[in-house]
Amino acid sequence: MAKLKSYKEIPIGGMIEKAGNSEDFKTGDWKTFRPVWNKEKCTNCMICPVLCPEDCIPVEKGEKPVRKETDFDYCKGCGICAKVCPVKCIEMKEEAGFNE
Amino acid sequence: MSKIMPFTGAQAVANAMRQINPDVVAVFPITPQTEIMMQFAKFHADGDVDTELVRVESEHSAMSCCVGASAAGARAITATASAGLALMWEILGVASGSRLPIVMPVVNRALSSPINIHCDHSDAMGCRDHGWIQIFNENAQEAYESVFLAVKLAEHPDVLLPAMVCLDGFITSHGVQNMELFEDKEMKDFVGEYQPKKWLLNTDDPVTVGPLELQDYFFETQKQRADAMMKAKEIYLSVGRELSKITGKEYPYFEGYQLDDAEAVIIVMNSTAGNTKAVIDKMRSEGKKVGLLKPRLFRPFPYEEIAKALSGKRYAAILDRAESYGANAPLYGEIKNALYEVQEKPKLKSYIYGLGGRNIFEAEIENVFETLLSGDFDPMEVGHIGLRGESQ
């Protein structure tokens, strides 16, 4: 997360002075549980990237697509990826244990 | 050259609006404000102004219209009273929270229920903590001049807050008074063009107005609003000094009348201050040291200055034209608050008067002064002037 600014540093009245700023808005800080992915056990079956409701599991394209680490800036910790994984290589762990 | 005109308070305010020629005016009728917009609509129909006159379907919409116009970069004005102000309540906060310098004459009228169309200050007092500058006015002349002051104060880059110009319903709004109307050009030049730094319709520099702010930034934005309101206090005086050059009048935080050597002081706002002056003249001729303190700027409230003016006085009565149910009356509460740090404070008495337009007479005001001068009163007991069932 970007460092929060003081009341002396922000535009008045909540005005947003820069257009197209939604890209800077990270929504991943809601999560209570974080999916911890075991890369070694993963078979790159591509079930979790397809079923992720936030589309935040990146995939490297190619003849055989490869799953990359979850984008925690947007992951809400819903746990669907862990639930659908056929080889159980994703474990949901309490977010409080991670310091970002 | 200025002209002396026989105007109602409403005509006076409408003429101020004509001279300002705002970009947008939102119109919705409510007694006793309707008179202002009726006059202004005539100026509009006659081509005296080139304002965009928007006829809306409620006061909630009137204020919303002004919020939209002001955010877009326009100078926006509307006017209301009583229930109309209450219906605007939600959007009043949007206006001040978004830091939009909308100006609004408020013709003070009682709030329901029971329904009542006559004067008291419960409408304006109900939104005193909503981030609007509030200027109270004794008569048509003051209300007229305050509209110009309000525009310039609200739009000052260090302020950017909306402002209410309060005048008493019917008593001031419909009573015909001789008043001095200043020249169109002078007043137009005084307010000038509204030049916002950022505005919504500027496609070269797009901005978002009124976004969501949660735990991370809402608190910071409120602190800015509170600071701007405090800043408005000093800027009120500097804008007033500028206006003085045209009008020759003064625009202090409060008016003192025979105040300097007074032993007993009445503190009251708006039209009743006029009656009080007449009583003071009579009692002074009898050698009684009585005086008036008439607050003009109620938000931001000039605590230090009023404390200084009341320091060393023996007695003061605060006359509120509004109840605050289960609490000190609004003006009384502020005065008492202001005096906390003062060593030689006057003994205070709170009075409620004039609710729902109940008349107040000079004999009653004289009675208040006599009670004060006797020193024989319970400062904890609230008096009610002109209330049946209460011994006067």
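**View 1. Where chain B meets chain A.** In this predicted model, 19 residues of chain B are in contact with 14 residues of chain A, contact here being heavy atoms within 4.5 Å. Between them, chain B and chain A bury about 1,400 Å², with 64% of that on carbon and sulfur atoms. Buried area is the accessible area (1.4 Å probe) that two parts lose on being put together, summed over both. Look for B:Lys198, B:Tyr217 and B:Gln224: this trio supplies 34% of the area that chain B buries against chain A, more than any other three residues.

This is a predicted model in which local features need pLDDT of at least 70, side-chain atom pairs count only at pLDDT 80 or more, and totals for chains, interfaces and linings use all residues. Residues are numbered from 1 along each chain as its sequence is written, chains are lettered from A and ligands numbered from 1 in the order in which they are written, and side-chain values use heavy atoms, with hydrogens and water left out.

**View 2. Polar links between chain B and chain A.** The interface of chain B and chain A has zero salt bridges (a side-chain nitrogen of Lys or Arg within 4 Å of a carboxyl oxygen of Asp or Glu). What turns up instead is four residue pairs in polar contact, both at pLDDT 80 or more. A polar contact is a pair of N or O atoms within 3.5 Å; within protein, one must be able to donate a hydrogen and the other to accept it, and residues adjacent in sequence count only if both atoms are side-chain atoms. On the side of chain B that touches chain A, α8(B) brings the largest share, five residues.

**View 3. The two domains of chain B.** Domain 1 spans 3–247 and domain 2 spans 255–385, with bounds from an automatic or database domain assignment. Their centres, taken over C-alpha atoms, are 28 Å apart. The contact draws 29 residues from domain 1 of chain B and 28 residues from domain 2 of chain B.

**View 4. What gets buried between the domains.** About 2,200 Å² is buried between domain 1 of chain B and domain 2 of chain B, carbon and sulfur atoms giving 53%. B:Arg128, B:Glu138 and B:Lys233 supply 30% of the area that domain 1 buries against domain 2, more than any other three residues.

**View 5. Salt bridges between the domains.** Seven salt bridges are counted between domain 1 of chain B and domain 2 of chain B. Zoom in on B:Lys233 and B:Glu304, a salt bridge whose closest N and O atoms are 2.8 Å apart.

Technical notes. Helix = DSSP H or I, 4+ residues; strand = E, 2+ residues; numbered from the N terminus.
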